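Got your viewer open and a chain loaded? Let's walk through it one selection at a time.

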Amino acid sequence: MNKLKPVNDKIVVKVETKKDEEVTASGIVLPDTVDSGKLMEGEVMAVGNGMYSASGTLIPVVVDVGDKILYNKHAQLHEYDDDLVIMSVNEILSIVEEVG
């Protein structure tokens with residue numbers, strides 16, 4: 001297995017298993033675009049160092065390895081493996097934190 005070390009503001013995310021096609025009671029197969037507002041959850045597996053601003057200051061990535069995140073399933077993702085994607089940190093909508 002290869003170890004991925006993302007660059008700049010990129011992260012590697014282990015995605016939840018992809019759900020099967022949704023079929024209505026009458027047998028119509030619904031494409032994944034039907035639930036376009038649905039958020040996907042994943043676990044951050046690797047994190048880049050961040051991006052440099054115009055003045056040369058390093059802007060760090062806001063997530064850490066092990067964080068659970070939410071992102072839009074239509075975000076710009078680059079599939080690496082069956083369960084790994086590479087994305088920009090800007091695609092993250094929220095970090096999931098356990099309460100209490």
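Which residues does Asp9 touch, not counting residues up to four places away in sequence? Select Asp9 and look around: Gly50, Met51, Val61, Met87, Ser88, Val89 and Asn90 are there, where contact means heavy atoms within 4.5 Å.

Before going on, some ground rules. This is a predicted model, so local features need pLDDT of at least 70 and side-chain atom pairs count only at pLDDT 80 or more, while totals for chains, interfaces and linings use all residues. Residues are numbered from 1 along each chain as its sequence is written, and side-chain values use heavy atoms, with hydrogens and water left out.

**Stop 1: still on Asp9.** You're in the segment before strand E1 (10-15); strands (E, at least two residues) are DSSP runs numbered from the N terminus. Asp9 counts as buried because its relative accessibility is 11%; buried means under 20% relative accessible area, exposed over 50%, and partly exposed in between, with a 1.4 Å probe and protein chains only.

**Stop 2: Met87 and the core.** Now click Met87, which touches Asp9, and also Ile11, Val13, Ile69 and Tyr71, among others. Met87 is one of the residues with the most contacts inside the largest nonpolar core, which has 13 residues. Such a core is a set of buried Ala, Val, Leu, Ile, Met, Phe, Trp, Tyr and Cys residues joined through side-chain atoms within 4.5 Å. E1, strand E4 (39-47), strand E7 (68-72) and strand E9 (84-88) each supply at least two of its residues, with the largest share, three, coming from E1.

**Stop 3: along E7.** In a regular strand the side chains alternate between the two faces of the sheet.

Which neighbors pair with E7? E4 does, antiparallel over five bridges (pairing takes at least two DSSP bridges), and Tyr71 is the bridge partner of Met40. Strand E10 (residues 92-96) is also antiparallel to E7, joined by four bridges, and Lys68 stands opposite Val96 there.

**Last stop: Lys3.** Lys3 is exposed, at 80% relative accessible area.
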